[in-house]
Structure formats: C-alpha cells, structure tokens
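Morning, everyone. Please have the model open.

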Amino acid sequence: MIRVLLPQHLRTLAKVTGELQIEVESQATQRSVLDAIEARYPMLRGTMRDQATQERRPFVRFFACEEDLSYGSPDALLPEAVAQGTELFLVVGAIAGG
Amino acid sequence: MSKVRVLVGTKKGAFVLESDAKRDNWNISGPHFAGWEMYHVKGSPVDPNRIYASQTSGWFGQLVQRSSDGGKTWEPVGNKFAYDGVPGTHMWYDGTPHPWEFKRVWHLEPSLTDPDTVYAGVEDAALFRSTDGGQNWSELAGLRNHGTGSKWQPGAGGMGLHTILLDPLDPRRIFIAISAAGAFRTDDAGASWRPINRGLRSQYIPDPDAEVGHCVHRIAMHGSRPDVLFMQKHWDVMRTDDAGESWREVSGNLPTDFGFVIDVHAHEPETVYVVPIKSDSEHFPPDGKLRVYRSKTGGNEWEPLTKGLPQSDCYVNVLRDAMAVDSLDSCGVYFGTTGGQVYASPDAGDSWAPIVRDLPAVLSVEVQTLQ
C-alpha cells in the first residue's frame with residue numbers, strides 16, 4: 001500500500017480528504033503509482049501528467065523522503081519507504097502564479 | 001414566470017447569478033471550482049439544465065465540467081484534446097515555426113439542437129466537437145489543415161479559438177474566429193474551411209489586408225439573420241452582410257474602435273453593443289469612464305450608455321467573452337469586468353446596475369433565459 005498526498009485542488013477534484021492509499025499491481029514507480037491513481041480517480045487524468053505524452057506537467061512535482069523525484073525516470077523504483085507505505089509520495093503544485 | 005440565469009467565469013472560479021424577470025434581486029451561488037480559471041461557462045439552448053464549463057489551471061491543466069441540473073452540481077467529463085494526426089507547426093511570435101500544443105479551452109458552444117453535442121474552441125487554435133456530452137472530443141481538423149494554419153500567429157493572450165457561431169438556419173454552416181489568425185467559415189459541418197477576412201485591414205501585420213493574420217477579438221450574430229455578422233477586431237468594429245465574404249468598417253463615431261466584446265440585441269438585429277477600450281496598450285475605458293456604446297443602425301452611429309456605470313476613475317477591462325444578452329421582452333444586457341463587477345441592464349442598455357461588485361476578474365458572461 002502506497003500513501004499519496006495530493007495538492008488541495010486535486011483532492012477537491014477527486015472528492016477526497018487527506019491522503020490516498022493506493023495499491024499498485026507491479027513495482028512501485030512514479031508511473032505505476034500515477035496509473036493506479038488515475039484508474040481509481042479518472043477525473044485526475046491529465047492533471048498531473050499529459051494524457052498523450054505521459055510527461056509530468058511542468059508545475060507539478062513529485063517529492064518523497066525529502067527528495068525531489070520529479071526529474072527521475074518515471075519507471076525508476078520509488079524509495080523503499082514509499083513502497084512500504086511508511087513515507088508519503090507527495091504530489092506538489094509549484095509555488096508560482098497568483 | 002420567466003427567470004434569467006447568468007453564468008460567470010472568473011479567474012478564480014465560476015458563479016451562477018439568478019433572478020426573476022425583473023432582474024433587480026439576484027441570488028448568487030459560487031464560487032464553483034474555487035481557485036481555478038473558469039474560461040467559459042455556457043448552457044445548452046435546448047436543455048437549459050445542461051451546462052458546460054471550461055476549468056483550467058496553469059498547474060493542473062484542462063478539465064471540462066458538466067452540469068445536468070442548471071449548475072447546482074457538476075461532474076468532470078472528458079478532457080483529452082488530442083490534435084488530429086501529426087499537428088505540425090504554426091508561426092511563433094518571432095516568425096519561426098512552432099509546434100501546435102494544446103493549452104486550454106477558451107470557449108464552449110453547445111449545439112442548437114442536441115444537448116449532448118458541444119464544440120470547444122481551444123488554444124493552440126483548433127476546433128473540437130463532442131457528441132456524447134463532453135466525454136470524448138474529436139478535432140474538426142479541416143480548419144487547422146485547410147492551408148493557412150502554418151501562418152497563424154498567437155496574439156498577446158495566446159493563439160486561441162474564441163468565437164464559435166452556429167448558424168441556426170443552416171446546420172452545416174459554422175463561423176469561428178482566432179486570435180490572431182482571423183475569421184473562418186465552414187459550409188459542410190466542419191469538414192472544410194476557408195478564411196473570411198476580405199475587407200479587414202490591420203496595420204500591425206506586414207500586409208494589412210492579408211488573407212489571414214488579423215486579430216479578431218469577437219464576432220456576434222443575430223439568430224434571425226445569420227449572414228449579418230458584427231466583429232470587434234483588435235482595432236475596428238466591422239460588419240458583413242454576406243456571411244463574411246466581405247467586411248466593412250462601422251466604427252463610425254466611437255471614441256475608440258479598440259475593444260473586445262460585441263453583441264446584438266435579442267429582438268433588434270440592427271442594435272449592437274460594444275465597450276470601447278482606450279488602446280491595445282492601455283486596456284481600460286477612455287477617460288476612466290465605463291461606457292457601453294449602442295448602435296441602433298447596425299453600426300456607424302453609436303450612442304454612449306452611461307446611466308449606472310462609473311463615469312470617473314474606472315480602469316477595468318471587459319474581455320471578449322464577457323458580454324451577453326437575455327431574450328426577455330425587454331432585452332437584458334450583461335457584461336463583466338476585470339475588476340470583478342458584473343453589470344446588468346434590464347432595459348436594453350438604457351440603465352445599468354451591478355449584480356455583484358467584487359468577484360475575481362471576470363473572463364466570461366453568458367445568460368440563459370428560463371421559462
């Protein structure tokens with residue numbers, strides 16, 4: 001079980017409060033986590049990554065274990081603590097704009 | 001008893017304003033989708049409970065919301081806007097080729113006959129259609145691919161397709177407009193398109209009367225007479241009587257012919273409204289006076305409408321999608337400002353009063369007349 005915290009606007013959109021608890025069928029990677037989130041909350045498709053290219057949206061970041069994972073491969077394994085559910089996978093909206 | 005429902009898109013959410021036919025006592029709901037840019041909110045003419053909304057964000061991209069109960073509740077529908085085929089390039093600000101990239105939906109135009117069919121005008125400029133209530137979107141690619149697309153260039157606000165006019169007398173005819181490419185028309189339900197910019201002159205492009213490249217801000221039509229169109233161009237108010245085959249200027253005695261909005265009275269096809277803005281570098285009313293100008297002669301002769309509008313120290317803008325009319329016997333006219341005011345006139349512009357004063361910057365205003 002992977003624990004995910006979405007930014008407030010996406011929690012509102014998905015009609016959830018607090019963190020998500022997500023099961024992934026394969027190994028825990030950015031891609032498998034996002035796939036699982038989008039499968040359970042289809043309204044989030046396109047909000048974190050482009051639907052056609054699957055590229056992360058420019059003002060969205062993925063943090064975990066005090067590291068910015070945004071620039072890593074979407075298929076790289078997430079830290080073990082995230083995979084085990086002891087640390088959150090954070091989806092973050094950049095501090096920008098008005 | 002008749003009612004009106006005003007759908008307001010703002011930079012930080014959508015608002016629904018409702019009143020009875022007197023239009024002097026308003027119930028306001030919102031913000032819906034708080035914090036999101038609501039570029040456009042528009043209801044179906046055949047099912048007023050069906051409303052579509054463009055919800056967008058620089059962070060989280062584009063969503064389309066749909067209501068089936070007149071804006072009380074909403075559900076997200078499809079938001080995948082994929083250009084048909086290999087999209088190719090248009091011209092960038094510096095004249096170099098630039099790949100087509102979807103950014104947002106500027107305008108949603110529900111069908112005149114089917115509540116599940118809706119058109120979306122998007123940035124980078126293209127026209128999409130859904131026939132299943134917004135779940136799936138397909139590009140009408142004949143517009144982008146008709147031949148001039150590689151020459152289109154964005155205006156300062158982006159290369160958005162912002163105007164979609166469906167001909168009520170000919171379901172195969174659609175007019176659209178793009179900043180800064182110009183106006184286009186299809187006569188075969190979107191399969192093929194051609195520019196309709198003859199008569200436009202734009203000093204800010206190398207060839208002032210080029211086939212494309214004109215920064216059209218908005219076009220308006222009266223449903224009873226769809227061959228007559230009124231255009232607010234970047235500069236110049238224009239008119240065509242032959243469905244865009246030729247345009248002529250009708251700016252007449254306006255204090256400035258720059259502006260964004262233009263609309264037509266619901267019952268008087270020759271009565272037209274604009275809000276003159278000082279210039280392309282000073283996006284506010286001349287002299288700090290917010291004035292709607294009305295022509296009852298289809299252009300050229302304009303009268304200022306000021307009663308109830310601020311006549312000093314007013315420096316707001318009125319954006320291209322932020323004016324609409326209702327169809328009550330005494331035609332109501334509505335517009336929203338970047339200062340967050342939504343003004344209503346229940347008497348065709350003779351007098352005005354704010355419905356609300358302190359919304360976020362208003363991006364769009366649409367009106368539904370409900371029986």
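A word on terms before we start. Helices here are DSSP runs of H or I with at least four residues, strands are DSSP runs of E with at least two, and both are numbered from the N terminus. Keep in mind that this is a predicted model.

Start in chain A. Where does Lys15(A) sit? Lys15(A) is in the loop between helix H1, residues 8–14, and strand E2, residues 20–22. Lys15(A) is not a glycine, yet its phi is positive, near 60°. Buried or exposed? Lys15(A) has 8 inside 10 Å, so Lys15(A) counts as exposed.

Now chain B. Asp236(B) also has a positive phi, about 90°, and Asp236(B) is no glycine either. Look for Asp236(B) in the loop between strand E19, 229–233, and strand E20, 237–240. Buried takes 20 or more neighbours. Asp236(B) has 24 C-beta neighbours inside 10 Å, so Asp236(B) is buried.

Next, cis peptide bonds. Which residues does the bond with omega about 0° join? That cis bond links Gly30(B) to Pro31(B). Pro31(B) lies in strand E3 of chain B, residues 27–32.

Stay in chain B. The bond from Glu123(B) to Asp124(B) is cis too, and omega there is near -5°. Asp124(B) belongs to the loop between strand E11, 118–123, and strand E12, 126–130.

To recap: Lys15(A) is exposed, whereas Asp236(B) is buried. Pro31(B) is in a strand, and Asp124(B) is in a loop. Thanks.

Definitions and conventions: Residues numbered from 1 in each chain as written. Chains lettered and ligands numbered in written order. Predicted model: local features only at pLDDT ≥ 70, side-chain atom pairs only at ≥ 80, totals over all residues. Buried ≥ 20, exposed ≤ 12 C-beta atoms within 10 Å, placed from the backbone.
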